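Please look over the sequence and the structure below before reading on. The briefing that follows goes through them topic by topic.

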Amino acid sequence: MMPRTGILGGTFDPIHVGHLEAAEAARRHLQLDRVMLLPSRTPPHRSVEPRASVYHRFAMTALAAAERDMLASDLELRREGPSYTALTLEALHREGFTPSQLFFITGSDAFADISTWYDYPRLFELSNFAVVSRPGYPINLPHFPVTGSSTSVVAIDANTPDVSSTEIRRRVGAGESIQGLVAASVASHIERHRLYVPAEVGAAR
């Protein structure tokens with residue numbers, strides 16, 4: 001039998017403690033067997049390309065995952081085209097997972113726009129959804145699951161840090177500290193490879 005698995009996807013440019021604490025909250029609340037972190041290749045809801053390369057975003061995700069006893073997956077990075085959640089869940093089904101064994105973790109801010117996601121509302125037939133509260137975004141769940149579905153939408157009230165990748169990139173570019181905003185190993189990777197540093201100072205390799 002496949003393990004009860006939480007899935008947290010995102011651009012992870014870079015991955016930060018807000019992402020990790022949301023994943024931890026879902027793991028504790030739902031008693032998940034494991035949590036997978038999936039950096040997206042081409043985020044469908046972003047109009048600009050990620051600042052860090054696919055290589056660096058996966059490396060940072062793997063480093064953060066190792067610190068939290070989680071798994072990093074390159075499932076979305078290996079697939080061309082937009083990184084749609086529905087396609088990712090279908091790929092996990094082909095690996096042997098059933099919808100009831102999957103728990104897609106998302107913040108309440110992202111979930112507020114769920115109706116704009118690809119293949120909505122069939123998404124809710126592909127996985128359970130764990131909606132974790134985010135600062136300034138109260139959880140507002142629609143009436144799910146649909147009658148006859150084996151999945152559900154679970155609200156998780158958690159005190160997650162008010163951190164954003166945008167602010168981290170700004171801080172790095174301004175030469176400010178990001179201590180406590182990302183895992184220590186991620187901070188070291190950013191510094192070592194000069195990620196998010198303005199081009200005139202030293203562009204990311």
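**An exposed aspartate**

Aspartate 69 is exposed, since its relative accessible area is 65% and values over 50% count as exposed. This residue belongs to a predicted model, and its place is in the loop between α2 and β3. Although aspartate 69 is not a glycine, its phi is positive, at about 55°.

- Most residues other than glycine have a negative phi, and most peptide bonds are trans.
- Aspartate 119, which is likewise a residue other than glycine, has a positive phi near 65°, and it is found in the loop between α4 and α5.
- With a relative accessibility of 25%, aspartate 119 counts as partly exposed, because that class lies between the limits of 20% for buried and 50% for exposed.

**Cis peptide bonds**

- The peptide bond that joins aspartate 13 and proline 14 is cis, with an omega of about 5°, and proline 14 has its place in the loop between β1 and α1.
- A cis peptide bond also leads from tyrosine 120 to proline 121, where omega is near 5°, and proline 121 lies in the loop between α4 (108–111) and α5 (123–126).

**The sheet**

- Strands of a sheet pair through backbone hydrogen bonds, either parallel or antiparallel.
- Here six strands form an open sheet with parallel pairing, and their order across the sheet is β3-β2-β1-β4-β5-β6.
- The edges are taken by β3 (71–72) and β6 (153–156), each of which has a single partner strand, so one side of each is left without a neighbour in the sheet.
- Strand β1 (residues 5–10) runs parallel to strand β4 (residues 102–107), and four bridges join the two; in this pair, threonine 5 of the chain stands opposite leucine 102 in β4.
- Helix α1 (residues 17–30) lies across β1, β2 (34–39), β4, β5 (128–132) and β6, and it runs at about 115° to β6.

**A pair of packed helices**

- Two packed helices are described by the angle between their axes and the distance between the axes.
- Helix α2 (residues 54–67) packs with helix α7 (residues 184–192) at an angle of about 155°, and their axes are 8 Å apart.
- That angle makes α2 roughly antiparallel to α7, because angles over 145 degrees are counted in this way, and the crossing of the two helices is right-handed.
- Residues of α2 that include His56, Met60 and Leu63 meet residues of α7 that include Val186, His189 and Ile190.
- By class, the contact of α2 with α7 has seven nonpolar, three polar and one charged residues.

Key
Residues are numbered from 1 along each chain as its sequence is written. This is a predicted model: local features need pLDDT of at least 70, side-chain atom pairs count only at pLDDT 80 or more; totals for chains, interfaces and linings use all residues. Side-chain values use heavy atoms; hydrogens and water are left out. Two strands pair if DSSP finds at least two bridges between them. Contact means heavy atoms within 4.5 Å. Axes are lines fitted to C-alpha atoms, for helices over the stretch in contact, and angles run from 0 to 180 degrees between N-to-C directions. Angles under 35 degrees count as roughly parallel, over 145 as roughly antiparallel, 65 to 115 as roughly perpendicular and the rest as oblique. A crossing is left-handed if the near helix is turned anticlockwise from the far one by less than a right angle, and right-handed if clockwise. Ala, Val, Leu, Ile, Met, Phe, Trp, Tyr, Cys and Pro count as nonpolar, Asp, Glu, Lys and Arg as charged, and the others, Gly among them, as polar. Buried means under 20% relative accessible area, exposed over 50%, partly exposed in between (1.4 Å probe, protein chains only).
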